[in-house]
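Open the model in your viewer and get ready to click along.

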There are 2 protein chains.
Amino acid sequence: MTTDAAFVDMALRQWNAAIDRANKFFGALSEEQLQHEIAPGKNRLIYIWGHLTAVNDALLPLLGFGKRLHPELDSSFLSNPDRSAPDTLNGAQLKRIWDEINESLKTGFSKLSPAEWLQKHSSVSEEDFLREPHRNRYTILLGRTGHLTSHLGQAILADVQN
Amino acid sequence: MTTDAAFVDMALRQWNAAIDRANKFFGALSEEQLQHEIAPGKNRLIYIWGHLTAVNDALLPLLGFGKRLHPELDSSFLSNPDRSAPDTLNGAQLKRIWDEINESLKTGFSKLSPAEWLQKHSSVSEEDFLREPHRNRYTILLGRTGHLTSHLGQAILADVQN
């Protein structure tokens, strides 16, 4: 493995580990448990999971892998706060969508060369990228891994036994 | 910048951004606010901050930068749960230690070449490292950035107004 490939491999390991933790945590919860709040008055677990799903879906165009698979997630889980409207998905439905999106991301990740990881992502202009070459796919991967980890840290605070 | 150096630069940017967020969040809290729990019955903010400080201190030997500066943090913030014993530090004291450790880490980080980032960390044996070359300094940096981000996600849930 070249050193460039090693750097990509290490970041993907962190991403995969975070996705695995999310799979284990959310996948073990009942529909009833997914309705629990992470803390009194805070977001419900189903909202956090949906939010992470919407953010992952938005990675597909951002990284140049294609169109979004589920843009309809945004109104429930991204652009509006939790409980703005009745739930449109239950946990079983969300799980299928979550898995589908993560599978598409995995396929996209696997096709990128190290040099392609260093190319600009789709939300930065050519001019800005010349000045700020770190605004590339790799930085997006690191940042989104952090976002996922941050919300997982919150989700595990939920008291799902009561 | 070589591509190897770019990969190091991007991971350090994530680390620095997380440290900055922690500085802003914890640095703005009063001694009284640091006593708040992140959620009812959960860890206090001062414990989370102390825990992150102890973990950062432990990075110094793990990454080969030298001895720990504050091993005494472990009994209050790492090996025992919150409120096991009376507090030994207030927020102002903790802030000085936190800044001191992060400054030492910054110095250590700045001296490493990309090749040195790919060298094994001090807790993995030579044999294991041959089989698992990703167990290097860079992976530690990514993992600890995730750890920091995860606890920051929890800390910001605390209701510090009441």
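**Stop 1: A:Ala11.** Select A:Ala11 and display what surrounds it. Leaving aside residues up to four places away in sequence, A:Ala11 touches A:Tyr138, A:Leu141 and A:Leu142, and also B:Leu142 from the other chain. Keep in mind as you look that this is a predicted model. Which residues have the most contacts inside the largest nonpolar core? They are A:Ala11 and its counterpart B:Ala11, and that core has 73 residues. As a general background note, nonpolar side chains tend to be buried together in soluble globular proteins.

**Stop 2: where the chains meet.** Now colour the two chains separately. Contacts link 28 residues of chain A with 28 residues of chain B. On the chain A side, α1 (3-27) and α8 (137-155) each supply at least two of the touching residues. Select α8(A) next: with 12 residues, this helix gives the largest share of that side. Sorted by class, the side of chain A that touches chain B has 12 nonpolar, 12 polar and four charged residues.

**Stop 3: the axis.** How are the two chains related? Chain A can be laid on chain B by a turn of 180° with a shift of 0.0 Å along the axis, giving an RMSD of 0.0 Å. That is the relation of a two-fold axis. To find the axis on screen, select A:Ser150: in chain A, its C-alpha is the nearest to the axis, at 2.0 Å. Both copies use the same surface, since 100% of the contact residues of chain A recur in chain B.

**Stop 4: α1 of chain B.** Select residues 3-27 of chain B, which form helix α1. This helix has 25 residues and reaches 35 Å from its first C-alpha to its last, close to the expected 36 Å.

**Stop 5: A:Gly108.** Finish in chain A, where A:Gly108 lies in helix α5 (residues 91-111). Why does A:Gly108 count as partly exposed? Because it has 16 C-beta neighbours inside 10 Å, and a residue needs 20 or more to be buried but 12 or fewer to be exposed. Apart from residues up to four places away in sequence, A:Gly108 touches A:Leu63 and A:Phe65. Show A:Leu63 too: A:Gly108 and A:Leu63 are 45 residues apart in sequence, with their C-alpha atoms 8.4 Å apart in space.

Terms used: Residues numbered from 1 in each chain as written. Chains lettered and ligands numbered in written order. Predicted model: local features only at pLDDT ≥ 70, side-chain atom pairs only at ≥ 80, totals over all residues. Contact = placed C-beta atoms within 7 Å. Helix = DSSP H or I, 4+ residues; strand = E, 2+ residues; numbered from the N terminus. Nonpolar A, V, L, I, M, F, W, Y, C, P; charged D, E, K, R; others polar. Least-squares fit on C-alpha atoms with pLDDT ≥ 70 in both. Expected span 1.5 Å × (residues − 1). Core = buried A, V, L, I, M, F, W, Y, C linked by C-beta atoms within 7 Å.
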